[in-house]
Amino acid sequence: MSEQASKQPSQHDHDHDHDHKGEPCYADLNGLECHMEHYHVTETIVREDILSKAKELAELISTSSEVEFYRKAEAQIAGNQHVQGLISAIKKKQKEAVAFESTFKNPDMVKKIEDEIASLQDELDSIPIVTEFQQSQSDINYLLQLVMGVVRDTVSEKIQVEAGKVERTTCSD
């Protein structure tokens, strides 16, 4: 729906503009009052206390041991010449593979380069700090998924809806 269309007065039993700008609608519908606030789809309404708690949670996560370990491992990887050399070599080989596949149409060379990439990747993966870094990425992802799951499940329990679905009740649409 366009912004212009969303500002048109409603076409139903009561006569008023539905552009309430967050103000409650007290329309009398068949003898029942509607006390629900109406918002346009383009408006995002987030209470300040919810944002504050989200920021507090983000701060707690960013200072967690998982994130601290990730930062340390990332710094070690960034400062390790051997690791950086392997990463650069892998990127270079990937570009070569693309060139031989798309420009030169040489599947034999592509296979050879892919084997070289796999060998370099195996060497990279055998370095303990790289393994620890990858594990820390996985741990942080798990932590974030866990937090999101707890929020989703708790909200779903409170409003009794299925995860990922919102049941919408309107008074006058």
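Student: In which helix is D115 found?

Tutor: D115 is found in helix α5, where helices are DSSP runs (H or I, at least four residues) and strands likewise (E, at least two), numbered from the N terminus. The model is predicted, so local features need pLDDT of at least 70 and side-chain atom pairs pLDDT 80 or more, while totals for chains, interfaces and linings use all residues. Residues are numbered from 1 along each chain as its sequence is written, and side-chain values use heavy atoms, with hydrogens and water left out.

Student: Why does D115 count as partly exposed?

Tutor: Buried means under 20% relative accessible area, exposed over 50%, and partly exposed in between (1.4 Å probe, protein chains only). D115 has 41% relative accessibility and therefore counts as partly exposed. Of the 173 residues of the chain, 23% count as buried.

Student: What makes α4 roughly antiparallel to α5?

Tutor: Helix α4 (residues 81–103) and helix α5 (residues 107–125) pack at an angle of about 165°, with axes 9 Å apart. Axes are lines fitted to C-alpha atoms, for helices over the stretch in contact, and angles run from 0 to 180 degrees between N-to-C directions. Angles under 35 degrees count as roughly parallel, over 145 as roughly antiparallel, 65 to 115 as roughly perpendicular and the rest as oblique. The angle therefore makes α4 roughly antiparallel to α5.

Student: Which residues of α4 and α5 make the contact?

Tutor: With contact meaning heavy atoms within 4.5 Å, those involved include L86, I90 and F100 of α4 and I113, I117 and L120 of α5.

Student: Why is the pair of Y70 and F133 called stacked?

Tutor: Rings of Phe, Tyr and Trp (its six-membered ring) pair if their centres lie within 6.5 Å; planes under 30 degrees apart count as stacked, over 60 as edge-to-face and the rest as tilted. Y70 and F133 lie 5.0 Å centre to centre with 25° between the planes, and form a stacked pair. Y70 lies in helix α3 (residues 65–78) and F133 in helix α6 (residues 128–159), so the pair ties together parts that are 63 residues apart in sequence.

Student: How do you know that F133 is buried?

Tutor: F133 has 13% relative accessibility and therefore counts as buried, whereas Y70, at 21%, counts as partly exposed.

Student: What makes the pair of F100 and F104 tilted?

Tutor: The F100 and F104 rings are 5.2 Å apart centre to centre, and the 50° between their planes makes the pair tilted. F104 has 52% relative accessibility and so counts as exposed.
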